[in-house]
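Visitor: I am new to this structure and would like to know what the words used for it rest on. Please show it to me and take the terms in turn.

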Amino acid sequence: MNLNSKLLKYLDGMRIFESLYDDERAIFPLFALCFDVTSDAVLEQQAEFKRDLQEGRLQELPDYNVDEVSNVRNYTGTGKLKYEMCRFGDRKIIDVLKELIGEEKLNSPFSELYDDYILAKTKQIAEKSREIVEMVNDADPELFEDNFPILLKRYDWTEVEREYLKEKKMNTVSINWLQEKQERELQKVLEMDIMQYAGDPSTQAIEDSDYPYHRRSLSHKFKDTPGYQEAYTKFMKFATRQEGMIIPKLGDYGKYIAVNINKFRPEQKIALFSIIRKFELIHEDMVKLKPELAHYLNKREETNTFGIVNSLTRLIQQPWFKEFRTDPKYDDAWIEQFLDNLIKSEWRHGILQEWENARRRSKLKCKIIGAMRDAGILKSDYQTIAEKINMGNELPAETHANYMGYGKAQPYFEWICDYVKG
């Protein structure tokens, strides 16, 4: 998805048209047709963004000045585009463009192209651009935590990883070195003023922070300032410290970024995400040296592992399972072992990632049940099974049956088949 780019280029295009001269009039109709095509693309991306958001997905942040892009007058400018379209009058667009643009649209007079297509869609774009920002700003922190890995992958961290590896080769990698590295990387981004839009901490919050711990890892030449200590306190509102590791609260931190993304300079936007990637690299090495630290990094995953196994176990213990199982050997003990092994398999991460999105859990459970059916554990068709299951939601059985049909297309389906055969 590249909604930001398309939306801003559409606005830029409108502004460029304002600067065209009369001796360039030959390209005016092409500009107008391009605006219409581009507006369709923008509206499609806005609709996709809203659908994703409603389903708990966030592929990018709305990084634009909402007041600017939601004001139709910023697109229409002096009215030059409308004026030029009216000057073309009722003349038809040449047939050679029919294949590219569409016959119905090309058979319309230019005088209608602006009001009926371009202006109407521009108003929709302007309205939806604000609506999207408001939806993101109103979203719960869970949305940003669930989707932070996706947002992080929008950047290329090759150079960051290469530089980190280079530093490791030049130093003795110990817990002390890693902790110092962690604090100094945080120092770099805090000095870029990435916390400028966070709420001002109280004097008590600054005094109660573990700033002295942080300061001990910085260079002896580092100059303390009230502003830096304040920035550190602000950042730690979005993190906890566990045995020396700074563990970001990605939900709250992600929401802070999302609400303020358009205010940051380009280098600040990268810094906001780069510190998380650097923490990941440092924490991976900390865990290698002290495996018990993995508990703090995997705590949420452990909770989700229990959640999905427990939920599926209770679902399968309903009367429908015994009715449709193909062999009595598939009893409660077998099912518990099967689910435990599935969640420990190579497909663990993908399953847990999908489970993290609360809106998609019913679909995930149906897909696993559908895969079990197609692997030979269950008999009967999807619809019959779906009609007997109490999924705990108001979706019709047809929807659950449809979800079950996706089971055989999942990457873990072959694993389930092999498990049943074994």
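Guide: A residue counts as buried when its relative accessible area is under 20%, as exposed when over 50%, and as partly exposed in between. The model shown here is predicted. In helix 15, residues 250-260, the buried residues are Gly 251, Tyr 253, Gly 254, Tyr 256, Ile 257, Ala 258 and Asn 260.

Visitor: What do the buried residues of helix 15 pack against?

Guide: They pack against helix 8 (110-138), helix 9 (141-152), helix 14 (226-236) and helix 16.

Visitor: Why is Val 420 called buried?

Guide: The relative accessible area of Val 420 is 16%. The cut-off for buried is under 20%, so Val 420 is buried. Val 420 lies in helix 24, residues 413-421. Leaving aside residues up to four places away in sequence, Val 420 touches Tyr 330, Ala 375 and Ile 377. Ile 377 is 43 residues from Val 420 along the chain, and their C-alpha atoms are separated by 7.6 Å.

Visitor: What makes Asp 193 partly exposed?

Guide: Its relative accessibility is 40%. Asp 193 sits in the loop between helix 11 and helix 12 (203-208). Its phi is near 65°, a positive value in a residue other than glycine.

Visitor: How do you know whether Glu 243 is buried or partly exposed?

Guide: Glu 243 has a relative accessible area of 44%. Buried would require under 20%, so Glu 243 is partly exposed. The loop between strand 1 (239-242) and strand 2 (245-248) holds Glu 243. Glu 243 is not a glycine, yet its phi is positive, about 50°.

Visitor: Why are helix 11 and helix 16 called roughly antiparallel?

Guide: Helix 11 (residues 175-190) and helix 16 (residues 266-289) pack at about 175°, and their axes are 10 Å apart. An angle over 145 degrees counts as roughly antiparallel, and therefore these two helices are roughly antiparallel to each other. Among the residues that meet are Ile 175, Leu 178 and Leu 186 in helix 11 and Ile 275, Phe 279 and Ile 282 in helix 16. The residues of this contact divide into ten nonpolar, four polar and four charged.

Visitor: What makes helix 20 oblique to helix 21?

Guide: Helix 20 (residues 348-355) and helix 21 (residues 361-374) pack at an angle of about 140°, with 8 Å between their axes. Roughly antiparallel needs over 145 degrees and roughly perpendicular 65 to 115, so helix 20 is oblique to helix 21. Ile 351, Glu 354 and Trp 355 of helix 20 make the contact with Arg 361, Leu 364, Lys 365 and Lys 367 of helix 21. By type, the contact has three nonpolar, no polar and four charged residues.

Visitor: How many helices and strands does the protein have, and why is it called more spread out than a compact globule?

Guide: The protein has 24 helices and two strands. Its radius of gyration is 28 Å, well over the 22 Å that the globule rule gives for 422 residues, so the protein is more spread out than a compact globule. Its C-alpha atoms fill a box of roughly 75 × 75 × 40 Å along the principal axes. Of the 422 residues, 46% count as buried.

Methods. Residues are numbered from 1 along each chain as its sequence is written. This is a predicted model: local features need pLDDT of at least 70, side-chain atom pairs count only at pLDDT 80 or more; totals for chains, interfaces and linings use all residues. Side-chain values use heavy atoms; hydrogens and water are left out. Axes are lines fitted to C-alpha atoms, for helices over the stretch in contact, and angles run from 0 to 180 degrees between N-to-C directions. Helices (H or I, at least four residues) and strands (E, at least two) are DSSP runs, numbered from the N terminus. Angles under 35 degrees count as roughly parallel, over 145 as roughly antiparallel, 65 to 115 as roughly perpendicular and the rest as oblique. Contact means heavy atoms within 4.5 Å. Ala, Val, Leu, Ile, Met, Phe, Trp, Tyr, Cys and Pro count as nonpolar, Asp, Glu, Lys and Arg as charged, and the others, Gly among them, as polar. The radius of gyration is taken over C-alpha atoms; the globule rule is 2.2 Å times the number of residues to the power 0.38. Buried means under 20% relative accessible area, exposed over 50%, partly exposed in between (1.4 Å probe, protein chains only).
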